[in-house]
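Subject: Structure handover

Hello,

Here is the structure for you to look at. My notes on its helix packing follow below.

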Amino acid sequence: MTTGVCVVGAAESDLGVTGKTALHLQTQAVARALADAGLRLADVDGLATNGVSRFSATQVAEHLGLRPRWTDSTFAGGAAFELYVGHAVQAIQAGQASVVVISYGSNQRSARSRTFDPYEAHTPEAQFEQPYGPLYPVSAYALAAQLYLHTYGADRGRAGMTSVAVAAREWAQQNPRAYRYGAGPLDAAEMDASPLVSDPLRVADCCLVTDGGGAVVLTTVDRARDLPAVPVEVLGYGEATTGTSIVGVGDLLRTGAVDSGRRAFAMAGLTPADVDSAQIYDSFTITVLLTLEALGFCGFGEAPDLVEAGTLPMNTSGGGLSYCHPGQLGVLLLVEAVRRLRGTADRVALAHGTGGILSTHGTVLLGRTS
């Protein structure tokens, strides 16, 4: 099956500690992605973004001087941008838009805006969880990690989590734009020495807190033929939503990625064995193990062996653990997947976003068109 829609532009904004506003970073990303695509702002008639304000798409459109005929500002945390790809494909197929920009920008490190307590008092989970003082979202992921260690073996599970972080640092050493570029390799001893945040997760198990942003541009395969950038086709996509909180998720070890992945692979007519590289949301090391298993890259409980084998190039930018994590990483997973398909021998790349407390999942399969 073919969707008939391609990614024709992909770019990052400035990353790290920038001192710039979120709108500045998002403007950088959009301008760079459009330049990569060989398109202009005047060509854009669709926009998907969030995280700027209550009316993010409206805010960004006005800031860029756009009057789009299709917008999406769905907020689903780290999965949002993979969801946007599916929504944008549908909009382009339906004739609601011809050129869609998916973008994001955050200055959370410069603004010191990151908080561990985003509970809203009116939500049901607040009354059940907040009295125990969890750190949001790390304590929830720590519970998933504890269950994983208990179920599959503490030594093996801990080794797998360490391998995720070590591999991310190794990739970051090859990426000059990575926050941990030049920081040197990471090893098990350094992992164990890093401060405990929420047992069993240590600092080195947790994603970075940085500024940054990115954008991708989508249009039809037909239009892509006339553009200078190497097009990357959207082969399949899937999304799934489970529970909003710790008490709302039925099985912490079998996430909604089971469903989002199944839907994406079915649409593309592919299997995990066809994937050459994977960009998997790594908010925490445990997130990667759970997602690899849910997507079918290995059996449940077998992700530590897969990661340690190193046979699947994964989070090749350095990921959220060593490259960049500006609050929501999903758009930068797409940017890296496109770069892999353009710059290596990869034929099929996967990007998977996870949002909230293992709450929302978006899987996208991309492929080279020639």
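**Helix packing**

The axes of helix H1 (residues 22-37) and helix H2 (residues 56-64) come within 11 Å and cross at roughly 65°. Axes are lines fitted to C-alpha atoms, for helices over the stretch in contact, and angles run from 0 to 180 degrees between N-to-C directions. Helices (H or I, at least four residues) and strands (E, at least two) are DSSP runs, numbered from the N terminus.

This is a predicted model: local features need pLDDT of at least 70, side-chain atom pairs count only at pLDDT 80 or more, and totals for chains, interfaces and linings use all residues. Residues are numbered from 1 along each chain as its sequence is written, and side-chain values use heavy atoms, without hydrogens and water.

H1 and H2 are therefore roughly perpendicular (65 to 115 degrees) to each other. On the H1 side, the contact (heavy atoms within 4.5 Å) is made by Leu23, Gln26, Thr27 and Val30. H2 brings Gln59, Val60, His63 and Leu64.

**H1 itself**

Just after H1, Gly38 has a positive phi of about 75°.

**A second pair**

Helix H10 (residues 257-268) packs against helix H11 (residues 285-295) at about 45°, with axes 8 Å apart. Ala257, Val258, Gly261 and Phe265 in H10 meet Thr291, Ala294 and Leu295 in H11.

Best wishes

How values were computed. Angles under 35 degrees count as roughly parallel, over 145 as roughly antiparallel, 65 to 115 as roughly perpendicular and the rest as oblique.
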